[in-house]
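Trainee: Could we go through this model together before I write up my notes? I would like to begin with the aromatic residues and then move on.

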Amino acid sequence: MKKMMSSDCFQLSKKKNFAGLNKVFVAVLFFFSMFSVLEGKSIAVVTRSGWSGELEFACRIQRAAENIGWFVDIVDYKDVSIDRKNYDFVICMVPEAYRSRHPTYLTLFDPKNHFFKQKGVLSKDYSSYDGYLVTYKIDPSMHDFLPQKNRKWMTWYPSAQFIEYQEVDPSYLFYVCSNWSQRSHDPRYKVMLSLLDRRPYARLYGLGHFKKLYPRSYVSFIPVDGESIIKEIRRAGITLVLHSLDHLDNAIPSGRIFEAVAASSVVDIVTGK
């Protein structure tokens with residue numbers, strides 16, 4: 001079998017029905033081509049039960065990979081059966097000390113303090129992976145990713161699949177209530193959501209406990225399957241995107257931006273500390 005270049009992957013993806021393979025994920029696939037032939041791979045994507053964001057991205061990876069003929073299992077990080085199966089490699093999406101017998105690549109898109117010590121050295125639990133997908137900009141403070149360390153890595157963003165533009169009716173403001181970062185306890189965040197709850201145009205989503213907090217505007221929990229959130233955004237037509245301190249400090253965008261653009265939504269971006 002011949003090795004496929006990234007351009008070959010993109011041409012293949014454009015022939016599929018699910019709007020193709022986005023360019024960001026093409027780059028990820030090409031990263032793995034440095035190690036072996038791309039055709040017909042079997043891979044596992046490791047997530048964690050209850051971590052909706054990571055599972056959502058895993059579903060998108062699964063759909064994109066299947067578009068080029070790969071088999072993809074989404075596996076919980078506690079599932080020890082992964083080592084009994086013959087995967088070509090594993091993508092680990094949770095900041096846990098998970099390591100399989102297969103070549104394993106760790107995604108780094110959680111806050112840096114999950115992974116790095118003060119001097120920019122990877123913590124012991126994360127230092128022995130075969131490669132890394134890094135959301136942050138590599139700078140001298142990330143000592144373990146400087147050229148002399150000779151680690152295999154590439155920059156990536158947890159993006160969304162490409163979908164052709166569709167005209168939407170911007171009738172409602174879509175927002176998913178957050179359970180992580182400083183937003184989960186910042187009183188300003190809670191006041192903002194309480195004010196939105198009084199507005200007839202607000203449509204709030206998230207875990208079930210938010211219904212008690214915002215009874216007027218709460219709609220539902222959105223299934224985590226790689227596409228339902230985009231459908232809900234399209235129905236609303238306007239998306240509120242907030243950046244946490246972790247986003248701002250690391251100069252990385254919220255993944256919600258990609259979902260909103262994929263849904264052809266109007267995007268209202270709020271930044272600031």
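**Aromatic rings, strands and helices**

Mentor: Phe57 is buried, and Phe109 is buried as well, where buried means under 20% relative accessible area, exposed means over 50%, and partly exposed lies in between, with a 1.4 Å probe and protein chains only. Keep in mind that this is a predicted model, in which local features need pLDDT of at least 70 and side-chain atom pairs count only at pLDDT 80 or more, while totals for chains, interfaces and linings use all residues. Residues are numbered from 1 along each chain as its sequence is written, and side-chain values use heavy atoms, with hydrogens and water left out.

Trainee: How many aromatic pairs does the ring rule give?

Mentor: The count comes to twelve aromatic pairs, the rule being that rings of Phe, Tyr and Trp (its six-membered ring) pair if their centres lie within 6.5 Å, with planes under 30 degrees apart counted as stacked, over 60 as edge-to-face and the rest as tilted. Helices (H or I, at least four residues) and strands (E, at least two) are DSSP runs, numbered from the N terminus.

Trainee: And what about Phe115 and Tyr126, what kind of pair do they form?

Mentor: Phe115 and Tyr126 form an edge-to-face pair, with 5.1 Å centre to centre and 70° between the planes. Both Phe115 and Tyr126 are in the loop between strand 4 and strand 5, eleven residues apart. Phe115 counts as buried because its relative accessibility is 0%, and Tyr126 is buried with a relative accessible area of 9%. Elsewhere, ring pairs link Phe116, Tyr129, Tyr132, Phe145 and Trp153 into a cluster.

Trainee: Tyr132 belongs to strand 5, so which way do the residues of that strand point?

Mentor: In strand 5 (residues 131-134), Gly131 and Leu133 point one way and Tyr132 and Val134 the other way, and all are buried. Two strands pair if DSSP finds at least two bridges between them, and strand 4 (residues 104-108) pairs with strand 5 in the parallel sense over four bridges, with Gly131 as the bridge partner of Tyr105. Strand 5 also pairs with strand 6 (residues 153-155) in the parallel sense, over three bridges, and Leu133 stands opposite Met154 in strand 6.

Trainee: Which strand pairs with strand 7, then?

Mentor: Strand 7 (residues 172-176) pairs with strand 8 (residues 202-205) in the parallel sense over four bridges, and the bridge partner of Leu173 in strand 8 is Ala202. Strand 8 and strand 9 (residues 218-220) pair in the parallel sense over two bridges, with Ser220 in strand 9 as the bridge partner of Tyr205. There is also a charge over a ring here, as the charged end of Arg203 sits over the ring of Tyr172, 3.7 Å from its centre; the rule asks for NZ of Lys or CZ of Arg within 6 Å of the ring centre and within 35 degrees of the ring normal.

Trainee: Back to helix 3 for a moment: how far apart are its end C-alpha atoms?

Mentor: They are 21 Å apart, which agrees with the span of 21 Å that the 15 residues of helix 3 (residues 52-66) should have at 1.5 Å a residue, the expected span being 1.5 Å times one less than the number of residues.

Trainee: What does helix 8 pack against?

Mentor: The buried residues of helix 8 pack against helix 3, helix 6 (228-236), strand 10 (237-242) and strand 11 (266-270). In helix 8 (residues 255-262), those buried residues are Gly255, Ile257, Glu259, Ala260 and Ala262. Ser264, in the loop between helix 8 and strand 11, has a positive phi near 65° and is buried, with a relative accessible area of 11%.

Trainee: Last one: where does pLDDT stay under 50?

Mentor: pLDDT, the predictor's confidence in each residue from 0 to 100, stays under 50 over residues 1-27 and over residues 32-37. The mean pLDDT of the protein is 80, and 82% of its residues reach 70 or more.

Key: Contact means heavy atoms within 4.5 Å.
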